[in-house]
Amino acid sequence: MSAHPIAVVPVRAGVLPAGSAEVVAEALSLGDATVLLIGSQLGSAAAELAGVASGVQLAEVGDFAPARWAAALTNVVADASVVLLPASPDGRDLAARLAAAVGRPLVANAMEISEDHAIVVSHGGRVQHEVRPSGPFVATLQPGGRGVERGPAEVVGAANVHLPIDDGIADPEVAEVEPPDATTMDLAESPRIVGGGAGLMVGAGADDPVDRRFTQLTAIGEAIGASMGATRVVTDAGWVSHDRQIGTTGVVVDPDLYLAFGISGAVQHTAGLGHPEHIISVNTDPHCPMMAMADLAVVADANATLDELAKLLGVTSLA
Ligand SMILES: Cc1cc2nc3c(=O)[nH]c(=O)nc-3n(C[C@H](O)[C@H](O)[C@H](O)COP(=O)(O)OP(=O)(O)OC[C@H]3O[C@@H](n4cnc5c(N)ncnc54)[C@H](O)[C@@H]3O)c2cc1C
């Protein structure tokens, strides 16, 4: 099979979805790849790929319309050996329709992709297995898993391509687009995260159970527009669901702000933390790795600090 991968990145109003740079880098690592951005305000989105791709194709086709886009892309991807999209909400939606339109298997939520196989994760990241499609395939790549090493930030060359959109194809009508809810949004896409570790479980009892503490952490996160995450000690103990676990065997995140409460900073946790611009850590041990990584290291009891924060923020509704 001659290598001709194509990365297809759906863009809304100039905003690249999570994992776009990784999809582009993965496609380029496979060979002579085409990078196609499809959507609206693509010029600014292309600029975000500086240091990852030197040239991209832009299909300005307006608002997200996965059924119409899939039909329009059929000819574009016809000769591609692998079609890669980010496993973002729009990427997943478009990938499934595209795979059906071109009659190819869909390999969803891959961590790694090559010309003839993919490593796929399931069960919230706990199981990895290899998939070997018998021919060309469409794949989505999980955001945050691969990472990207950017080269020098040269100007990205962009060429406009015309994609005929068939307005006769029905797409769901968008009633309203609401901003994401920090308490439920995908951790991988959260710009702010409040993380809880085993330190939040210390001294818990019938009067002050652990689930109340994590409910409080979630409520404080909500008050500052942050999503709640946790360490594996907490998820293994069953206090928080596995999809909230940050780390090598959990979700790989990349927030701007990370607040760590009672987290030691083990490498399996911090390796999944990305590169937060600001880290605040609250811990009774001033010498643990999380405190060493922090911009602001607060030596204090994490639960007492959360109680104070709850008062300051007016967070009262606890279970
Ligand atoms: C194969 C493998 C994969 C793993 N994958 C992951 C992963 O994906 N994600 C992950 O998180 N871990 C993972 N782990 C586990 C990891 O090695 C650590 O055990 C875990 O991250 C530690 O979690 P923690 O910081 O909550 O707990 P601990 O390491 O026990 O730290 C608790 C911290 O709380 C502090 N503390 C105690 N009391 C208080 C208090 N009252 N107030 C404030 N601070 C207090 C302590 O000083 C300490 O720093 C993995 C391990 C293995 C072997």
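In what order do the five strands of the open sheet lie? The views below take up this sheet, then the ligand shell and the domains. The model is predicted; local features need pLDDT of at least 70, side-chain atom pairs count only at pLDDT 80 or more, and totals for chains, interfaces and linings use all residues. Residues are numbered from 1 along each chain as its sequence is written.

**View 1. The open sheet has the strand order 11-10-12-13-14.** The order of the five strands is 11-10-12-13-14, with parallel pairing. Strand 11 (227–230) and strand 14 are the edge strands, each pairing on one side only. From one strand to the next the twist averages 15 degrees. Strands (E, at least two residues) and helices (H or I, at least four) are DSSP runs, numbered from the N terminus. Two strands pair if DSSP finds at least two bridges between them. Strands of a sheet pair through backbone hydrogen bonds, either parallel or antiparallel.

**View 2. Strand 13 pairs with strand 12 and with strand 14**. Five bridges join strand 12 (residues 257–261) to strand 13 in the parallel sense. F261 has V282 of strand 13 as its bridge partner. Strand 13 and strand 14 (residues 296–299) also run parallel, joined by four bridges. Here I280 stands opposite L296, and S281 stands opposite A297.

**View 3. Helix 5 and helix 9 lie against strands of the sheet**. Helix 5 (residues 210–223) lies across strand 10 (192–196), strand 11 and strand 12, and runs at about 165 degrees to strand 10. Helix 9 (residues 302–313) packs on the sheet and touches strand 12, strand 13 and strand 14. The direction of helix 9 makes about 120 degrees with that of strand 13. Axes are lines fitted to C-alpha atoms, for helices over the stretch in contact, and angles run from 0 to 180 degrees between N-to-C directions.

**View 4. The shell around the ligand has 28 residues**. Those that come nearest are G197, G199, R232, G247 and S264. A residue is near a molecule if its C-beta atom, placed from the backbone, lies within 6 Å of it. Helix 6 (232–236), helix 7 (267–270) and strand 13 (278–283) each give two or more residues to the shell. Helix 6 gives the largest share, three residues.

**View 5. Domain 1 touches domain 2**. Domain 1 spans 6–160 and domain 2 spans 187–313, with bounds from an automatic or database domain assignment. Seven residues of domain 1 are in contact (C-beta atoms, placed from the backbone, within 7 Å) with 11 residues of domain 2. The C-alpha centres of the two domains lie 32 Å apart.

How values were computed
Two residues are in contact if their C-beta atoms, placed from the backbone, lie within 7 Å.
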